[in-house]
Amino acid sequence: MKIRIKFRKNGVMKFVGHLDVMRYFQKAMRRADIDIAYSGGYSPHQVMSFAAPLGVGITSDAEYIDIEINTPITTKDALKQLNDTMVEGMEVVAFKQLPEESKIAMSIVDAADYEVCFREGYAPSGNWEEKISSFFAQEEIVVWKKTKKSEKEVDIKPLIHTISTKDGKISMQIASGSANNLKPELVIEAFANYIGFDLKEFSLLIHRKELYANIGDENQKELISLENMGEDIE
Amino acid sequence: MRKQALTDEILLSIDKPARYIGNEVNSVKKDLKDIEIRFAMCFPDVYEIGMSHLGIQILYDMFNRMEDVYCERVYSPWVDLDKIMREKQIPLFALESQDPIKEFDFLGITIQYEMCYTNILQILDLGQIPLLAKERGEEFPIVIGGGPCTYNPEPLADFFDLFYIGEGETSYFPLLEAYKENKKKGGSKLDFLKKAAQIPGIYVPSFYEVDYKEDGTILEFRPIVEEAPKSVRKEIVMDVTDTYYPRKPVVPFIKATQDRVVLEIQRGCIRGCRFCQAGMIYRPVRERSLEMLKQCAYEMLRNTGHEEISLSSLSSSDYSQLQGLVNFLIEEFKNKGVNISLPSLRIDEFSLEVMSKVQDVRKSSLTFAPEAGTQRLRDVMNKGLTEEIIIEGAGKAFDSGWNRVKLYFMLGLPTETKEDMVGIAELSDKIARRYYEIPKDQRNGKVQIVASTSFFVPKPFTPFQWSPMSTKEQFIEKAKIVKEAVKAQLNQKSIKYNWHEADLTVLEGVLARGDRKVGKVILQAYQNGCIYDSWSETFDYGKWMDAFESTGVDIDFYTTRERDLDEVFPWDFIDTGVTKEFLKREWKNAMDEKVTKNCRMGCSGCGATIFNGGVCFEN
Ligand code: SF4
């Protein structure tokens, strides 16, 4: 039975890296008595995969894990059992059954919502918020993107779906996943550049709000949150 | 939200920030308003090492069961954070509350190996606690040392207020009671220490004075206050079943060295190898009951979610219920995706059978610790393992498909000759030959033998405590002889030879059998910038040598010097139950190449019967 789990990662848990969060959940499954499926062999592994790794320092309301379980369990029980064993800063918010033919989350992530604000003492002075719309209205937004081998200029404008601000918080929806992946800090760097602001290290507090799959096509996107692709188990 | 002692900026600029945030599964949260005693429990090494230590988990659990005590953990900040904390004057903090440890009532430091001594000073220093006990006023925590190295606490005497000698499960109760009572009465630190000195197992170094002879050896070691006893007997739990054992150990976020449930099946060892300190100081052997261990395994796996369980003890094959326990673990957990990690076992039908059940035979190795290359030298050290046993065991394993062998030896043992060194290579070769006796078509490829040698360090409370230690040059020469000898063997291509650093060994030798005079070398080495001496990337031999030079302490006095049979040792005031008479007898037996029976084959009257239990009273 295919299951999608959604959890939140907040507080000091943002300092626990992606691989360690995976180990954390492997152990959590055992503590919570979720009858997760294992691969065979001498050192069997849980059938478990994460949707999109989250960088150290970033908090999130929408982390996803896909697992396979042997014994059915209701959403209500699973949430209780898992949350009883979570640490402060980790909260499981959804446990949904996926249709059997579903692809794993990792392969379908297409976009993500982020909320970004400046850490105290790091914000640009003046009314920078006003400039977001003209920044976004540009024909193209060219940045230097580092890859493993080289650095190259790319236009990230097509990868930014929306961007807006309110009360000092920048909200954006940007391309995410294996095909086109944009990091929110890159967008803010471009914006800082645009307003002529020198962005220092550690300036940003980044929070992931949601992850989406595209159930339309490339030209006519139809985004749906990963959570809404499954059903509660009664 | 949780308090953070370090800012986001710091945490994001150092390696593995999760080392410093606390908040792990099963870490204990308490409300400070109900707390009378705050205890910071420290393992003075990096988090991943410290978190793997069972002893701390046992005490952490025990302390936190007490309602008015809050025990928190603290580990050595890695060098990256160390630098930042010094620059920014950030006081070292405990993981749970993130509060500075200088605000605590106690700082307990477990001292597991000599090469962590400068890290102890790092902890105090970063904690903004004066390094020398005599410079610490009433406002600072009481600094307690525990663990195996306290069986010779003298090199560290200047830095600690008191040492707890022996197993922690007993005397902490009266010690904390005495502390509370003293606080209530408005007593001073000195008042408390005087009370503490009268509690079994507690040693308050400032209550003793040492006089030296002209040759530098000890003339007399004597108490200078009435409350301090002449000798301090180690503490020990006789019933290791009905006692504290953590059912909910803390589960780190980052991968610790031991990322698994650990079942300590027994304490002590019946064997009596003459070089082995643990085998002497933890006498007598006491076994935990099978029922208790089964239950612990079940609860601990459930509460941690670990995917692996391992057994721990000095010589697991000697645990009388081993078969029952291992079979239980396999039957109960193997199908639930839990790995059973076996300790090194004597090779026989049983161990081969269980090994083949829980490991991939083609990928796992057999382990033997012959310790010496010839039977003569093995008799000197009372290592009961013979060549026949090894070859037969290896042969059986080879016949069932194994093809990897790890061998552990020591160089620099008393009476060692070239023949013993060459014997290491020859024994390795004999094992390889046994492998190639198997017809080619039935073999599992080539055999791989890894022979490793460490250098012998004489330790207090062993029959070898009188033995001179080799110099660095001698050690290196010995390793060279073994290396050459390996090259001369028929199957040299199947044998890989590894040896340890000699620099570290010499230092370990000084610290292990050091006296109070060595304290100033440790302090100087720390001031020269030494920390993390057990890590090759940070160990700085030159800085240590400078420290010896500037303090005028002679290395050879502690290492290569031949000790007189009647010399007063710095650690003689500690009573481990095992008598000095017995150790002397064993030292003579060693020189006569005479073996001594293990406790189950016949008692040799070591003295441990005074504890009224364990293996001494099995029959
Ligand atoms: S008194 Fe005898 S049985 Fe007891 S530990 Fe010593 S040698 Fe072993």
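This is a predicted model: local features need pLDDT of at least 70, side-chain atom pairs count only at pLDDT 80 or more; totals for chains, interfaces and linings use all residues.
1. Helix α18 of chain B covers residues 541–551. Its buried residues are B:Tyr541, B:Trp544, B:Ala547, B:Phe548 and B:Thr551. Viewed down the axis of α18(B), these buried residues fall within an arc of 120°, so they line one face of the helix. On the other side of α18(B), B:Glu549 and B:Ser550 are exposed.

2. What do the buried residues of α18(B) pack against? Their partners are other helices of chain B: α5 (117–126), α15 (472–487), α16 (502–512), α17 (519–527) and α19 (555–558).

3. Just after the helix comes B:Gly552, which takes a positive phi of about 70°.

4. B:Thr118 belongs to helix α5 of chain B, one of the helices against which the buried residues of α18(B) pack. Is B:Thr118 buried or exposed? Its relative accessibility is 0%, so B:Thr118 counts as buried. Leaving aside residues up to four places away in sequence, B:Thr118 touches B:Ile522, B:Ala525, B:Tyr526, B:Cys530, B:Ile531, B:Tyr532, B:Asp533 and B:Trp544. Among these contacts of B:Thr118 is B:Trp544, a buried residue of α18(B).

5. Which residues surround the ligand? They are B:Arg283, B:Cys599, B:Cys603, B:Ser604, B:Gly605, B:Cys606, B:Ala608, B:Thr609 and B:Cys616. By type, the shell around the ligand divides into 5 nonpolar, 3 polar and 1 charged.

6. A search of the whole structure gives 74 salt bridges over all chains. One of the pairs joins the side chains of B:Arg86 and B:Asp82, at 2.8 Å from N to O. Both residues lie in helix α4 (residues 79–88) of chain B, and being 4 residues apart there, they are separated by about one helical turn. An α-helix has 3.6 residues a turn, so residues three or four places apart point the same way.

7. Another salt bridge links the side chains of B:Lys584 and B:Glu581, at 3.9 Å from N to O. This pair sits in helix α20 (residues 580–591) of chain B, where the two are 3 residues apart and separated by about one helical turn. B:Lys584 counts as buried, with a relative accessibility of 14%. Elsewhere, salt bridges that share partners join A:Arg8, A:Asp61, A:Glu91, A:Glu115, A:Lys169 and A:Lys209 into one network.

8. In chain A, the side chains of A:Lys221 and A:Glu218 meet in a salt bridge, at 4.0 Å from N to O. A:Lys221 counts as partly exposed at 33% relative accessibility, while A:Glu218 counts as exposed at 55%.

9. A:Leu205 is placed in strand β10 (residues 204–214) of chain A. It is partly exposed, with a relative accessible area of 29%. Not counting residues up to four places away in sequence, A:Leu205 touches A:Lys14, A:Glu115, A:Val116, A:Cys117, A:Arg119 and B:Asp8. One of these contacts of A:Leu205, A:Glu115, also belongs to the salt-bridge network in chain A. A:Leu205 and A:Lys6 are 199 residues apart in sequence and 21 Å apart in space, C-alpha to C-alpha.

Key: Residues are numbered from 1 along each chain as its sequence is written. Chains are lettered from A and ligands numbered from 1 in the order in which they are written. Side-chain values use heavy atoms; hydrogens and water are left out. Buried means under 20% relative accessible area, exposed over 50%, partly exposed in between (1.4 Å probe, protein chains only). The arc is that of the directions from the helix axis to the C-beta atoms. Contact means heavy atoms within 4.5 Å. A residue is near a molecule or strand if one of its heavy atoms lies within 4 Å of it. Ala, Val, Leu, Ile, Met, Phe, Trp, Tyr, Cys and Pro count as nonpolar, Asp, Glu, Lys and Arg as charged, and the others, Gly among them, as polar.
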